Amino acid sequence: MDVPVPISAFGLARCPVVGFGHMLPFRIIRPAIIASLSWAIVAIFYSTNITKQYYANYGSFAGDDVPSVMSHPILQWKNNATVAAAAEDYDDSELVVRDDTTLTTDYPCFPHRGQQRQRTDTNNDTINASTTTTIVYLETAFFDLHSEIYYSLIHHLCSCKPDKDKHWKIDTSTIPHFYIGPMKFLSQGFLRILEEYNTTTCGPIFLGTPPRYDDPDLTIVTTSYPEHFNPENRLPKVKNFKKINDPKYFFICHEEGPPSLEENATNVFWLTPRHERYVVPSFFPPAIVQRLSTKNMEYQQQSDKQRPPIFLVMGDFRNAMKRNILSLQHTLLPHRNKNFTIRFMGGGSKPNSKNIHNELHSLFGDFDSKFQVVTNASIEEFMVGVSEVDVILPLVDQSNFHHFKGYQNGKKLTSSVMWAFGFHKKMVLYRPLAELFGVDGKGTDNDGMYYVYDDWVGKGGSSFYKAFGRCLDHLLE
């Protein structure tokens with residue numbers, strides 16, 4: 001089991017689990033009298049003192065508290081000078097915590113994070129009711145898999161909207177503690193983003209599995225597929241069907257399943273409005289979005305030369321069921337003399353930039369001089385890359401939107417659209433996809449934000465070619 005590592009508002013914890021930073025140096029002295037003890041007692045002593053020394057040297061890394069090796073929270077006094085452990089046999093009186101009252105939150109229905117660990121009276125051990133916590137574990141399935149949906153899941157749990165589905169409602173008299181793990185599946189880039197996001201959530205974010213891993217208050221399995229709910233599933237570690245309708249679990253399903261799953265499994269959620277139970281994962285940490293947007297604007301203002309408009313194609317364009325790259329062949333040729341750039345970012349598992357350039361050249365010839373290729377970007381670099389563009393091209397149309405191996409008539413998430421919403425980017429998008437998210441009919445071209453088309457192969461007024469041209473001409477004005 002992971003030892004949960006709290007996130008600091010000012011710096012990441014140095015975590016010996018996955019090699020961030022360095023482990024603390026220490027020596028284990030083994031005099032003859034200790035050598036006579038059992039290895040079990042030595043192991044307990046060893047583990048407890050490592051943890052105490054670890055926290056004593058580095059201080060508090062959390063926005064609010066530090067979970068001890070005993071799985072007890074450390075309680076903060078009003079003067080923010082000393083702390084005492086909840087466990088009677090665990091004395092952390094030398095630890096010093098930082099004053100975290102500067103933390104802000106957009107969720108007024110929850111107690112303010114700067115006060116959540118204060119005692120009602122420094123002369124006794126009476127704890128304010130707001131110190132009660134709700135443990136939420138967001139379980140990831142693979143390295144950085146679907147990491148962009150975590151911000152939305154936490155935001156939705158923190159939301160004060162009274163009409164939320166009952167599964168998303170947590171007791172607002174408590175402080176949510178969000179654990180994201182296992183640790184081995186979290187990249188350094190993702191941790192740095194969580195570090196910044198941690199300053200504005202309704203409760204602190206911790207890295208790794210919760211102290212009460214066997215029984216958190218709520219576990220969100222963030223990556224599930226319909227076959228995981230089949231009792232005949234042969235995967236030994238995937239037994240989701242045993243947790244169907246369990247109020248302490250719910251599942252994020254990434255593909256359309258049989259009607260019985262949607263009708264009977266009330267704790268299974270999807271990621272598009274085509275389902276009865278869903279959450280749209282279009283929320284990205286506002287502070288990061290604003291910071292990157294401001295930086296991009298300042299860069300353009302300081303530049304001697306105005307850069308051309310940038311259109312972004314995200315994901316693996318070599319998979320026609322994901323991105324219809326052929327639609328660009330019909331669209332770009334009439335506009336080849338205009339000044340613009342097409343950026344390709346993503347492209348599968350560790351793609352080779354040179355190979356992608358060669359593939360683009362074989363499809364577009366010399367037109368690829370307008371292309372940029374970004375491969376193997378970290379999560380942070382990916383966010384920067386999205387923030388720099390003007391328009392996102394999902395390249396989802398009649399060739400793949402309605403296909404079961406594609407987007408299943410809108411029942412499967414189109415991540416390009418979520419990134420566009422989250423970073424407030426323009427889009428040129430297929431009408432059924434626009435209708436799905438309610439952006440198909442607001443003024444002329446949705447007031448210059450969403451340029452909708454019906455047909456990717458034609459050249460009529462409702463074609464991809466025309467919609468792309470209107471968007472490009474608007475940017476070049």
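Tyr151, Leu328, Ile342 and Leu393 touch the most other members of the largest nonpolar core, which has 94 residues. Such a core is a set of buried Ala, Val, Leu, Ile, Met, Phe, Trp, Tyr and Cys residues joined through side-chain atoms within 4.5 Å; buried means under 20% relative accessible area, with a 1.4 Å probe and protein chains only. The model is predicted: local features need pLDDT of at least 70, side-chain atom pairs count only at pLDDT 80 or more, and totals for chains, interfaces and linings use all residues. Residues are numbered from 1 along each chain as its sequence is written, and side-chain values use heavy atoms, with hydrogens and water left out.

- Another core, of eight residues, lies apart from it and includes Phe229, Cys253, Leu261 and Val268.
- Tyr151 is in contact (heavy atoms within 4.5 Å) with Phe190, Ile193, Leu194, Tyr197, Phe283, Phe284, Pro285, Ile379 and Met383, leaving aside neighbours within four places in sequence.

**Helices α3 and α4**
- The axes of α3 (residues 150-158) and α4 (residues 188-197) come within 12 Å and cross at roughly 25°; axes are lines fitted to C-alpha atoms, for helices over the stretch in contact, and angles run from 0 to 180 degrees between N-to-C directions.
- The two helices, α3 and α4, are therefore roughly parallel (an angle under 35 degrees) to each other.
- On the α3 side, Tyr150, Tyr151, Ile154 and His155 meet Phe190, Ile193, Leu194 and Tyr197 of α4.
- This contact of α3 with α4 has seven nonpolar, one polar and no charged residues; Ala, Val, Leu, Ile, Met, Phe, Trp, Tyr, Cys and Pro count as nonpolar, Asp, Glu, Lys and Arg as charged, and the others, Gly among them, as polar.

**Surroundings of α4**
- Seven of the ten residues of α4 are buried, so α4 is largely enclosed by the rest of the structure.
- The buried residues are Gly189, Phe190, Leu191, Ile193, Leu194, Glu195 and Tyr197.
- They pack against α3, β5 (175-181), β6 (205-207), α6 (286-302) and α9 (379-387).

**Thr414**
- Thr414 lies in the loop between β13 (391-392) and α10 (415-422).

**Whole protein**
- There are 13 helices and 15 strands, taken as DSSP runs numbered from the N terminus (helices H or I, at least four residues; strands E, at least two).
- Of the 477 residues, 49% count as buried.

Conventions
Parallel < 35°, antiparallel > 145°, perpendicular 65-115°, else oblique. Buried < 20%, exposed > 50% of the residue type's maximum accessible area, 1.4 Å probe, protein only.
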